[in-house]
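I open this page to record what I looked up, entry by entry, in the model shown below.

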Amino acid sequence: ETLSRKVVDEFVDQKLQHNHKQREEREKNLPILEDFGNGCVAREIQSDYTVGSSNQKVEAEMYLMAMSVYCDLESGKAFDEDYEWPDLVNMKRPARIS
């Protein structure tokens, strides 16, 4: 069964998106890590991990994966019957996240 945009819109309460405009304004000057098209971009994020560490790399990879799915949901691409979801089970990651 295909998940429809109507079902998603009924589930998501737009009123719960507090400070959306202020956050958008702050983030628009951050560097773009990846452009997924249709105006949907992943911007640089602040990490608690050391730059270049395995934890920081996994965090960035998971963030980009999540943003890819988000952008696909926004564009409607994720609603296609043949949409391929990210494979989190086989994702390479460090043995321990500290």
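Entry on Arg43. Keeping in mind that this is a predicted model, I began with Arg43 and found it placed in strand 2, which covers residues 41–43.

Entry on the surroundings of Arg43. Leaving aside residues up to four places away in sequence, I noted that Arg43 touches Glu27, Lys28, Leu30, Pro31, Ile32, Leu33 and Tyr63. For Glu27, which is 16 residues from Arg43 along the chain, I read a C-alpha separation of 7.5 Å. For Leu30 I looked at the polar atoms, and a polar atom of the Arg43 side chain lies 2.6 Å from the backbone oxygen of Leu30.

Entry on the nonpolar core. Which residues make up the largest nonpolar core? I wrote down 5 residues, namely Cys40, Ala42, Tyr63, Met67 and Cys71. Helix 3, spanning residues 54–75, supplies the largest share of this core, with 3 residues. Tyr63, which belongs to this core, is also one of the residues that Arg43 touches.

Entry on the disulfide. How many disulfides does the structure hold? I found 1, formed by Cys40 and Cys71, whose sulfur atoms are 1.9 Å apart. The pair links distant parts of the chain, since Cys40 sits in the loop between strand 1 (32–35) and strand 2 whereas Cys71 sits in helix 3, the two being 31 residues apart. About the S-S bond I read -75°, and the link of Cys40 and Cys71 is left-handed.

Entry on the two cysteines. Are Cys40 and Cys71 buried or exposed? Cys40 has a relative accessibility of 11% and therefore counts as buried, and Cys71, at 5%, counts as buried too, because the limit for that label is under 20%. When I listed the contacts of Cys40, again without residues up to four places away in sequence, I found Asp35, Tyr70 and Cys71.

Entry on Asn38. I finally turned to Asn38, which lies in the loop between strand 1 and strand 2, the loop that also holds Cys40. Its phi is near 55°, and I marked this as a positive value in a residue other than glycine.

Methods
Residues numbered from 1 in each chain as written. Predicted model: local features only at pLDDT ≥ 70, side-chain atom pairs only at ≥ 80, totals over all residues. Heavy atoms only, no water. Helix = DSSP H or I, 4+ residues; strand = E, 2+ residues; numbered from the N terminus. Contact = heavy atoms within 4.5 Å. Polar contact = N/O pair within 3.5 Å; in protein donor to acceptor, adjacent residues only side chain to side chain. Core = buried A, V, L, I, M, F, W, Y, C linked by side-chain atoms within 4.5 Å. Buried < 20%, exposed > 50% of the residue type's maximum accessible area, 1.4 Å probe, protein only. Disulfide = S-S within 2.5 Å.
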